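Subject: Structure handover and notes

Dear colleague,

I am passing on the structure we spoke about, together with its sequence. Please look it over before reading my notes, which come after it.

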Amino acid sequence: MDGQDEGPAGLIERGALLRIWQSSQPDAAPHLVPKSSDRAAWESIDQEARDLILSAADAERGEAWLVPRLSQWSDFARTGDRRGYEAAEFAHKRRIRLAVLAAAIDPSPARVIEAADGLWTLCEQSTWCWPAHDDSFSRGLLTTDVDRPFLDLGAGECAALAGWAALIIGDALDTEVPGLIPRLRAEVERRILSPLMQRRDWWWENREINNWLAWIVGNVIPAAVAFSAGERRARLLERCVDGIDRYLSHLPADGGIDEGFAYWWQGAGRAFDGLVLLDTLSGGLIRAEAVDGALAGLRELARFPERMLLGEDWVASYSDAEARIGADTPWFSLFRAAHLCGLEETAAFAAGRRREGRILGLEADTVGGIGRMVGESFDARWRTTPPGGAPYPRLAEWASIAVGIRRERERESTGLTVIAKAGHNGESHNHNDLGSVSVAVDGVPLLADLGRGVYTATTFSEQRYSLWHLSSEWHSLPHPSGLEQLPGPEWEAPMRPLDDGWSIDLSAAYPWPEGAEREWTREIRLRDGEVIIRDQGAAVGAAGTRIAVVCAGVPERVGDGILVPGRHASRSLLLVHDPAEVVIETRTVDDPYLHRSWGEFISRIVFAPETAGGRWELRGSVA
């Protein structure tokens, strides 16, 4: 479309998925899910899933339907707040999906009408887009423009919700509320299908390829199956296939995700969700090629989450991804992806994250949409697969995104684990973090990469890096002569693997003043029970040079060292260092995302090296 398809080989060859799809012969009447009239199928779903869905649906049945308000929508332009609208929006969609599934599990007229009420409110909403994404604000409006629907993540979620509802309870709705399905079809056509087919200038498939592309087109698949037919359906599905193909071909061959662990589920995970549907529609051709064929590169992508794990509840964090694993992480999506790729150990690892009394989609969020709920409810393997443990490899590296993880012990979370981050400062969800280092003790990160905070209008604006936790100042990295890093792909730091760590060249990571010696190398090593961070460069001992270390909690000076207290049952970390003036800055955490990962306090230990040799070391060991 725009020339972006040329470039180095990625995870899959551009066009590979599209060719496989074009070689298939999808059924004229595709079957993605049993209709609610297939009582044998719906009565066979997991009993726990059935009980959880009915209980959650019954808790709200009969209550007034609440939808987001205009004032919540326009707050994004007025104050930058997006949480008020999104909280109401997510709760609204949660209730609809629960009502739809409850009507399929127990298809009484009352339950079907409850679902119909929810779907009617969906049709009546002025927009399905989320305010942070709509382009109406840029045109001076404080309302959405109903004549110019914007296709974003929220709109895609609504399309999938409408599509799955029609596929599951469409016959029942035609009986109880004749006319609702045609209304749903018209709304999906107007807001989703026609804009997708008529426009090719969406930023998310041209200017930047990230999780949006896979997330949106994957959600269009059930809508296309439900609301189109014949040649129209074929063209819509091919458009979706091409989008997933395009997303996957832009990912690197090693399966690295520059947006981080939390975004794997909404990018790669969404692509896998779409691939599972396409596999069903193609009669198994996708799986055959993923196991041993043109799509075999997907296997590296499916292994990414398990390799990122630090401990039971913790992962390596960078960019806008959190360090602490959310209770709503959709592990079933990884389980299904692993089976698609023939990775039985990865599937067992995902099954090991199951929790009794939980099913995707019971929370008011976006990670467990109705499609994932349907998949989890019907997949008998999910609850019968013996759980497997985490692999905890001694070394995991992604050269494509310049991220490395090294741990003391293979297949164990105990002891030290060190994470290094290099690359460039123009990544998706970028933080200015070149050369940063994080350290976990017993699987719990103590030297911190803070990750995301609450998203506001500032987060994705030109003022993004005015947010303190995104700046280089609050990452564990050097500040030669007091310099801060800047955003943009031109600021880069190549990473070179060593026998026991990595060497990162930071010479091109800073806006050096005219005439300065542009040279700084950072080595990060893990050996003999000790993390060693060695900085070398002409500016190491220069006036204004600082080396920052960010940690959870409040560190304490102990003799000649600094003790970073353990947390969540981990042991502590003792830091010792070459001569330096030391200042400890502590700030109270009032952001709910940062608080969840790091607790009440975050500290920044700032070292001013006292050396004339151009070399300075910091060493850490378990205390």
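What follows describes helix packing first, then individual residues, and then cysteines and loops.

This is a predicted model, in which local features need pLDDT of at least 70 and side-chain atom pairs count only at pLDDT 80 or more, while totals for chains, interfaces and linings use all residues. Residues are numbered from 1 along each chain as its sequence is written, and side-chain values use heavy atoms, with hydrogens and water left out.

Enclosed helices

Helices (H or I, at least four residues) and strands (E, at least two) are DSSP runs numbered from the N terminus, and buried means under 20% relative accessible area, exposed over 50% and partly exposed in between, with a 1.4 Å probe and protein chains only. Helix H17 (residues 370-378) is largely enclosed by the rest of the structure, because eight of its nine residues are buried. Those buried residues are Ile370, Gly371, Arg372, Met373, Val374, Gly375, Glu376 and Ser377. They pack against helix H3 (47-58), helix H5 (83-105), helix H7 (153-176), helix H12 (268-281), H15 and H18, where contact means heavy atoms within 4.5 Å.

Helix H16 (residues 344-351) is mostly covered, with six of its eight residues buried, namely Thr346, Ala347, Ala348, Phe349, Ala350 and Ala351. The cover over these buried residues includes helix H14 (298-308), strand S1 (309-311), helix H15 (331-340) and helix H18 (381-384).

A helix pair

Helix H6 (residues 109-124) and helix H8 (residues 180-198) pack with their axes 10 Å apart and at an angle of about 35 degrees; axes here are lines fitted to C-alpha atoms, for helices over the stretch in contact, and angles run from 0 to 180 degrees between N-to-C directions. The crossing of H6 and H8 is left-handed, a term used if the near helix is turned anticlockwise from the far one by less than a right angle, with right-handed used if clockwise. On the H6 side the contact involves Ala116, Leu119, Trp120, Leu122, Cys123 and Glu124, which meet Leu180, Arg183, Leu184, Glu187 and Arg191 of H8. The residues of this contact divide into seven nonpolar, no polar and four charged, where Ala, Val, Leu, Ile, Met, Phe, Trp, Tyr, Cys and Pro count as nonpolar, Asp, Glu, Lys and Arg as charged, and the others, Gly among them, as polar.

Arginine 246, in helix H10 (residues 230-250), counts as buried at 0% relative accessibility, and its side chain reaches the backbone oxygen of glutamate 205 at 2.8 Å.

Aspartate 152 lies in the loop between H6 and H7 and is likewise buried, at 0% relative accessibility. A polar atom of its side chain lies 3.2 Å from the backbone nitrogen of glycine 154. Beyond its neighbours within four places in sequence, aspartate 152 is in contact with Trp128, Cys129, Trp130, His133, Trp212 and Ile216.

Histidine 475 is found in the loop between strand S8 (444-447) and strand S9 (478-479), and is buried with a relative accessible area of 1%. A polar atom of the histidine 475 side chain lies 2.7 Å from the backbone oxygen of serine 471.

Cysteines and exposed loops

With a disulfide taken as a pair of cysteine sulfur atoms within 2.5 Å, the count comes to zero disulfides. Cysteine 240 is in no disulfide, the nearest cysteine sulfur being that of cysteine 158 at 16 Å.

Aspartate 528, in the loop between strand S13 (520-527) and strand S14 (530-537), has a positive phi near 50 degrees although it is not glycine, and is exposed with a relative accessible area of 79%. Alanine 569, in the loop between strand S17 (561-564) and strand S18 (573-577), also is not a glycine and has a positive phi of about 75 degrees; alanine 569 counts as exposed at 81% relative accessibility.

Best regards

Terms used: Polar contact = N/O pair within 3.5 Å; in protein donor to acceptor, adjacent residues only side chain to side chain.
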